[in-house]
Amino acid sequence: MATHNWCHNPKCHTYETTDRVRGSGNNKVLRTRKIKIQDMSTGYYWQGWENHFCKVGCLFDYIKLHIDRIVAIAPVREPSETPIKIKKEKYQSHRYRHDDNGNYERVPYQATRTTIVEGNNE
């Protein structure tokens, strides 16, 4: 099994950083970064993309280039919905009324707060 991957961003080798410079004498090149494959079971906060891209910028460059094909893998043709229960409660609040002289007064009114009920909403 491989221990390293090359960054999958097709532009990675074009970014001018010193860690990408390879070669001797006058035969220098910019090379795609090599990435050590991380074991996802170690419990460290790995998300998976780190094994294929050297940095977030390379990940997003790749996504921008291939977004239509990525989305075509599992297209969403209908919205998803989750049933919930809500709770409405009335409470006293205030608004401010301003006049032409720059004065303002606090005016009470009845407001409504809508919250999602925590727990099993099925």
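Aspartate 61 is found in helix H1. Which residues does aspartate 61 contact, leaving aside its neighbours within four places in sequence? Take me through helix H1 from there, then show me some of the rest of the chain.

Reply: This is a predicted model: local features need pLDDT of at least 70, side-chain atom pairs count only at pLDDT 80 or more, and totals for chains, interfaces and linings use all residues. Residues are numbered from 1 along each chain as its sequence is written, and side-chain values use heavy atoms, with hydrogens and water left out.

Start with the helix. H1 covers residues 56–73. Helices (H or I, at least four residues) and strands (E, at least two) are DSSP runs, numbered from the N terminus. Leaving aside neighbours within four places in sequence, aspartate 61 is in contact with Asn9 and Tyr15. Contact means heavy atoms within 4.5 Å. Tyrosine 109 is another matter: 48 residues separate it from aspartate 61 in sequence, and the two C-alpha atoms are 51 Å apart in space.

Aspartate 61 also has a charged partner. Lysine 64 forms a salt bridge with it, and the closest N and O atoms are 3.6 Å apart. A salt bridge is a side-chain nitrogen of Lys or Arg within 4 Å of a carboxyl oxygen of Asp or Glu. Lysine 64 and aspartate 61 are three residues apart in helix H1, so about one helical turn separates them. Lysine 64 is exposed, at 61% relative accessibility. The cut-offs are under 20% relative accessible area for buried and over 50% for exposed, with partly exposed in between (1.4 Å probe, protein chains only).

Now look at the core. The largest nonpolar core has six residues: Cys7, Cys12, Ile35, Phe53, Cys58 and Leu59. Such a core is a set of buried Ala, Val, Leu, Ile, Met, Phe, Trp, Tyr and Cys residues joined through side-chain atoms within 4.5 Å. In soluble globular proteins, nonpolar side chains tend to be buried together. Leucine 59 touches Trp49 and Phe53, not counting residues up to four places away in sequence.

Next, the cysteines. The structure holds zero disulfides. A disulfide is counted when a pair of cysteine sulfur atoms lies within 2.5 Å. Cysteine 58 is in no disulfide either; its nearest cysteine sulfur, that of cysteine 54, is 3.6 Å away. Cysteine 7 is buried, with a relative accessible area of 7%. Cysteine 58 is buried too, at 0% relative accessibility.

Follow the helix onwards to isoleucine 67, which is in H1. Ile67, Ile70, Val71 and Ile73 make a nonpolar surface patch of about 360 Å². Patches are made of residues with over 30% relative accessible area and no salt bridge: like charges are joined within 9 Å, nonpolar side chains (Val, Leu, Ile, Met, Phe, Trp, Tyr) within 5 Å. Accessible areas come from the Shrake-Rupley method with a 1.4 Å probe; for residues, only the protein chains shown count as cover. Isoleucine 67 is partly exposed, at 38%. Alanine 74 lies in the loop between H1 and S5. It counts as exposed, at 57% relative accessibility. Its C-alpha is 29 Å from that of threonine 42, 32 residues away along the chain.

Finally, the other parts of the chain. The structure holds four salt bridges. One of them joins the side chains of aspartate 19 and arginine 33 (2.6 Å, N to O). Aspartate 19 lies in the loop between strand S1 (4–6) and strand S2 (21–22), and arginine 33 in the loop between strand S3 (29–30) and strand S4 (34–36), so the pair ties together parts that are 14 residues apart in sequence. Aspartate 19 is partly exposed, at 36%. Another salt bridge pairs arginine 113 with glutamate 89 (3.8 Å, N to O). Arginine 113 sits in strand S6 (residues 104–116) and glutamate 89 in strand S5 (residues 86–98), 24 residues apart. Arginine 113 is partly exposed at 35% relative accessibility, and glutamate 89 is partly exposed at 31%.
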